[in-house]
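Here is a walk through one protein chain, taken in steps from a single residue to the whole and back again. Please keep the sequence and the model at hand while reading.

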Amino acid sequence: EIMQYTAIIPVKQNSGRLPGKNLLTLGNESLLERKIRQLQISGIADRIIVSSDSDEMLRLGLKMGVDAIKRPKHYADESRSLSEFFKYVVDLFDEQHMIWACVTSPFFDENLMQEAKSIYEKNIGIEIDSLLTVYRFKHYLFDENGPLNFEVGERHQNSQQLESIDLFTNGMLIAPKESVRQWGYNYGPNHYRFYVNQIQSLDIDTEEDYVVAKAYQSLLEK
């Protein structure tokens, strides 16, 4: 049986920490245009859907040749739980597998998408139930009681010797549609962790993130 995929690009009109972030420009295109383009070039999805409450973003999706579905207000203002939103999303398409692709991860590109999908296809239903992207985080962490992942004094370790903690990134997630419905979430307990480097893990959520993204993009264009 041929596995079929729908890629969902979730973009809200309003974003809390960085207003209008989904339409910020990087190079000569917006973050939304960039993600649509990456998905189209990668060829990993049979269908691409822009899910948004923004008419402007929906028009942009249609202009680029993908589907655009207006998101009900209660799924955009966070008055409903995330689980309810995922259950709503999986009813938007018939394909068996969902790819979750966030525009705020501009350096998770078409090549990484193809690599991640290949791993998913070979392992889904055998050893894994989903795939997500992570970054190996090796830094000193504290909570209110003191050190979390290191010791002070003579047993102190250099940061590169710390046990790594996996940092979730918004690069891409893949899971069977019916599993997403069952979990009320977009990945499961037996997920595969697809490791990315620090640049590939970048998730634009603050003004500082955007400054870093623009600086790296300018290096790529030289």
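Is P176 buried or exposed? The model shown here is a predicted one, and in it P176 has a relative accessibility of 16%; because buried means under 20% relative accessible area, P176 counts as buried. This residue has its place in strand β10, which covers residues 165–176. Leaving aside its neighbours within four places in sequence, P176 is in contact with Q96, H97, Y120, I124 and D129. D77, by comparison, is 99 residues apart from P176 in sequence and 26 Å apart from it in space, taken from C-alpha to C-alpha.

The secondary structure of the protein chain comes to six helices and eleven strands. The radius of gyration of the chain is 19 Å, which is close to the 17 Å that the globule rule gives for 222 residues, and so the chain is as compact as a globular protein of that length. Along its principal axes, the C-alpha trace spans about 60 × 40 × 40 Å. Of the 222 residues in the chain, 47% are buried, and among the contacts with a separation of 6 or more, 74% are made by residues 24 or more positions apart.

R181 lies in helix α5, made up of residues 177–183, and with a relative accessibility of 27% R181 counts as partly exposed. Not counting residues up to four places away in sequence, R181 touches K87, V90 and D91, whereas Y216, which is 35 residues apart from R181 in sequence, is 37 Å apart from it in space, C-alpha to C-alpha.

E29, for its part, lies in strand β3, which consists of residues 29–30, and is buried, with a relative accessible area of 11%. Once its neighbours within four places in sequence are left aside, E29 is in contact with L24, R34 and R37. With R37, the link is described in terms of side chains: the side chain of E29 makes a polar contact with the side chain of R37, at 2.6 Å.

Terms used: Residues are numbered from 1 along each chain as its sequence is written. This is a predicted model: local features need pLDDT of at least 70, side-chain atom pairs count only at pLDDT 80 or more; totals for chains, interfaces and linings use all residues. Side-chain values use heavy atoms; hydrogens and water are left out. Helices (H or I, at least four residues) and strands (E, at least two) are DSSP runs, numbered from the N terminus. The radius of gyration is taken over C-alpha atoms; the globule rule is 2.2 Å times the number of residues to the power 0.38. Buried means under 20% relative accessible area, exposed over 50%, partly exposed in between (1.4 Å probe, protein chains only). Contact means heavy atoms within 4.5 Å. A polar contact is a pair of N or O atoms within 3.5 Å; within protein, one must be able to donate a hydrogen and the other to accept it, and residues adjacent in sequence count only if both atoms are side-chain atoms.
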